Amino acid sequence: MKKLVAALDVLSSEKAVKIAKDIVDYVDEFKVNYPLVLSAGIKVIKDLSKIRPVIADFKIADVPHLAYMISKIAFESGALAVIVHGFSGSDSVKATLDVARDFDGKVYVVTELSSKGGEEYMTKFSVDIAKMAKKLGCHGIIAPATRVEKVKILREVVGKMEILCPGVGFQGGSFEVLKFADGIIVGRSIYESEDPKKSAREIREIINKRT
Ligand code: BMP
C-alpha cells in the first residue's frame with residue numbers, strides 16, 4: 001500500500017493535533033516542519049507521534065556536528081525519521097545516519113526541491129545525491145511530484161529505497177508520480193481544506209486506486 005504523509009504546516013499544537021486526529025484513518029505518517037515546531041515547540045512531535053509516526057522535516061543543511069545535534073534533538077523528541085538535504089554532502093548525511101542508528105530511526109535525503117527553484121541548481125545534482133543516499137544506506141529520498149520523469153530516473157538509481165514525493169495538489173504535481181514513488185506528502189490540500197477529513201479520505205481513495 002502506498003503511503004499518504006500529511007504535512008502539518010500549521011502554527012499551533014492544538015490545530016495540528018486536531019487535524020491529525022481528524023485524518024488519522026487516512027494517513028500513514030505526519031510530517032512537521034519549522035513553522036509548526038518554531039511556533040508550538042518541539043514537544044509537538046511527541047504529541048503527534050501518539051497518533052501516527054512523525055517525520056521531522058528540518059531539511060538539515062549544515063556542517064556535520066550541527067547535523068548530528070539537530071537530528072539528535074529530533075529523534076529524542078520522538079521522531080521516527082528526519083529529513084536532511086543531500087547537497088550538504090555525505091559527511092553531514094553520515095552524521096545524521098549515525099544518530100538515526102542509535103534510535104532505530106530513518107533518514108530521508110532531499111534530492112531536488114519540488115518548487116521551480118529546484119530546477120535552478122539542485123536538479124543538476126539530484127541523481128548524484130540519490131546515489132550517495134543509497135551508498136550510505138539511508139532509508140529513502142524525497143523527490144518532486146512536480147517532475148514525474150525525474151522521479152522515474154531517481155527510481156532507477158535508488159532501486160528499492162523508499163521514495164516520498166511532495167508537490168501533489170497546490171504545487172501542481174500529479175498523482176502519476178505514484179507509478180514510481182512509494183508515497184506522497186500532502187500539506188495544504190488537507191490542512192487548508194474546509195473539511196480536512198473529507199479531503200484526506202478522497203486523496204487516500206485516489207492513492208488506493210493506483211496502488
Ligand atoms: P503542500 O502540499 O502544501 O505544497 O506542502 C508540501 C510539503 O512538502 C511542505 O511541508 C514542504 O516543506 C514539503 N516539501 C516540498 O514541498 N517540496 C520538496 O521538495 C520537499 C519538501 O519536503
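Helices here are DSSP runs of H or I with at least four residues, strands are runs of E with at least two, and both are numbered from the N terminus. The model is predicted: local features need pLDDT of at least 70, side-chain atom pairs count only at pLDDT 80 or more, and totals for chains, interfaces and linings use all residues. Residues are numbered from 1 along each chain as its sequence is written, and side-chain values use heavy atoms, with hydrogens and water left out.

**Second stop: polar contacts.** Next, display pairs of N or O atoms within 3.5 Å. At S114, a polar side-chain atom lies 2.7 Å from a nitrogen atom of the ligand. At G187, a polar backbone atom is 2.8 Å from a ligand oxygen atom. At D57, a polar side-chain atom lies 3.3 Å from an oxygen atom of the ligand. The protein buries 91% of the 470 Å² that the ligand exposes when taken alone, by the Shrake-Rupley method with a 1.4 Å probe.

Hide the ligand; the space it takes is the largest pocket. A pocket is an open set of points on a 1 Å grid over the protein atoms alone, where a 1.4 Å probe fits, with protein on both sides within 12 Å along at least five of seven lines; lining residues have an atom within 4 Å of a point. A molecule sits in a pocket if more than half of its atoms lie within 2 Å of its grid points. About 370 Å³ of space lies in this pocket. Of its 25 lining residues, the closest to the centre are K31, P166, G167, Q171 and I185.

**Last stop: helix 8.** Select 188-191, which is helix 8. Helix 8 gives the most to the lining of the largest pocket, with three residues.

Note on methods
A polar contact is a pair of N or O atoms within 3.5 Å; within protein, one must be able to donate a hydrogen and the other to accept it, and residues adjacent in sequence count only if both atoms are side-chain atoms. Grid points are joined across faces, edges and corners, and a volume is the space filled by probe spheres set on the points.
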